[in-house]
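Welcome, and thanks for taking a look at this model. Please have the sequence and the 3D view open as you read.

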Amino acid sequence: MSPTATVLHPGQMGVVVAAALRAGGSRVSWSPEGRGPATRDRAERAGLVAVDDPAALAAVDVVFSVCPPAAAEAVAGQVAALGFAGLFVDANAVSPARLGRITELVSATGARVVDGSLFGPRWAGDRTRLYLAGHPADRDLVAGLFAGTDVVPVAMDGGAGSASALKMSHTTFQKSARALAALAHAMAAGAGVSEHLRSEAEGMESPLGQPGTLPVVAAKAWRWAPEMREAADSLAAHGLPPGLATAAGEVLALWEADRDATGLSVDDVLARLRSTGPRQPTGSAPP
């Protein structure tokens, strides 16, 4: 009998997971309640089964939670309220501490938790990776659902929390670097030296040398800003300064209005970062 799974929710990354599960032979359900037309379209094109009955959503072997980090605990609570007792895979960009709270919620009804973290393709032809940590038998069972698909499962030796720690480590650099590049280009634009900055950054293997990617960053920032708060919590938990991650999250939050926007120019996204006047630099004494 084919495995059954529910994916909450088939957003841009969730639908990748759902489509791979289907390709691996699983029957995949999703909940259309409260979802927008873009999500509905993705789910239909992926061949997912829309289920309106909450109890039916929980009557599956595996539930995958793939949602913005700020909603991860709420989703876990909803699944726990349904009495789910199968495998719960939290594949969200959350801190290990938040994963611990999620584990408490869903394990109260007998569910077992697998810690997951998703990394998208790095180049053309590359595949999405799903890192998995937890009890070896549960981890390997989840990995087997993706055999031969476009999602590559990567089993981790560490226990639950290891996949989340990896995601937070990667997020701390990747998102902060893009926020910092945006600030650098915005400052250069304000000073009228953009052409020279771009000339100096040309060819650099860093976001500073790729200003054309900033509209994509702005469109994704509504998801990335909460990730940076998770990263800041993770850094603090390891006795490391969280300030850089916190500040990057504040920068990314300035693009909240550009959620999933298309057609933005670099000038558009840089303009969002500018205030109406100069700000007092941190640590500077007032005149």
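## About the model

This is a predicted model, in which local features need pLDDT of at least 70 and side-chain atom pairs count only at pLDDT 80 or more, while totals for chains, interfaces and linings use all residues. Residues are numbered from 1 along each chain as its sequence is written, and side-chain values use heavy atoms, with hydrogens and water left out.

## Helix H4 and its buried face

Let us begin with helix H4, residues 72-81. Helices here are DSSP runs of H or I with at least four residues, strands are runs of E with at least two, and both are numbered from the N terminus. Within H4, Ala72, Val75, Ala76, Val79 and Ala80 are buried; buried means under 20% relative accessible area, exposed over 50%, and partly exposed in between, with a 1.4 Å probe and protein chains only.

Viewed down the axis of H4, these buried residues fall within an arc of 140 degrees, so they line one face of the helix. The arc is taken from the directions from the helix axis to the C-beta atoms. An α-helix has 3.6 residues a turn, so residues three or four places apart point the same way. The buried residues of H4 pack against E1, strand E4 (62-65), strand E5 (87-90) and helix H5 (96-107), where contact means heavy atoms within 4.5 Å. Just after H4, Gly83 has a positive phi of about 75 degrees.

## H4 against H5

The axes of H4 and H5 are 8 Å apart, and the two helices pack at an angle of about 10 degrees. Axes are lines fitted to C-alpha atoms, for helices over the stretch in contact, and angles run from 0 to 180 degrees between N-to-C directions. H4 is therefore roughly parallel to H5; angles under 35 degrees count as roughly parallel, over 145 as roughly antiparallel, 65 to 115 as roughly perpendicular and the rest as oblique.

On the H4 side, Ala72, Glu73, Ala76, Gly77 and Ala80 meet Arg98, Arg101, Ile102, Leu105 and Val106 of H5. By class, this contact of H4 with H5 has six nonpolar, one polar and three charged residues. Ala, Val, Leu, Ile, Met, Phe, Trp, Tyr, Cys and Pro count as nonpolar, Asp, Glu, Lys and Arg as charged, and the others, Gly among them, as polar.

## H9 against H10

Now for another pair: the axes of helix H9 (residues 214-237) and H10 come within 8 Å and cross at roughly 160 degrees. That makes H9 roughly antiparallel to H10. Among the residues making the contact are Val217, Trp224 and Met228 of H9 and Thr246, Gly249 and Leu252 of H10. The residues of this contact of H9 with H10 divide into 12 nonpolar, two polar and no charged.

## Two buried residues

Glu227 is found in helix H9 and is buried, with a relative accessible area of 7%. Not counting residues up to four places away in sequence, Glu227 touches Pro69, Ala93, Lys167, Met168, Thr171 and Lys175.

Thr39 sits in helix H2 (residues 37-45) and is buried at 11% relative accessible area. Leaving aside neighbours within four places in sequence, Thr39 is in contact with Pro10 and Trp30.

## Backbone details in loops

A cis peptide bond, with omega about 15 degrees, joins Leu8 and His9. His9 lies in the loop between strand E1 (4-8) and helix H1 (14-23).

Asp260 belongs to the loop between helix H10 (243-253) and helix H11 (266-271). Its phi is near 55 degrees, a positive value in a residue other than glycine, and Asp260 counts as partly exposed at 37% relative accessibility.
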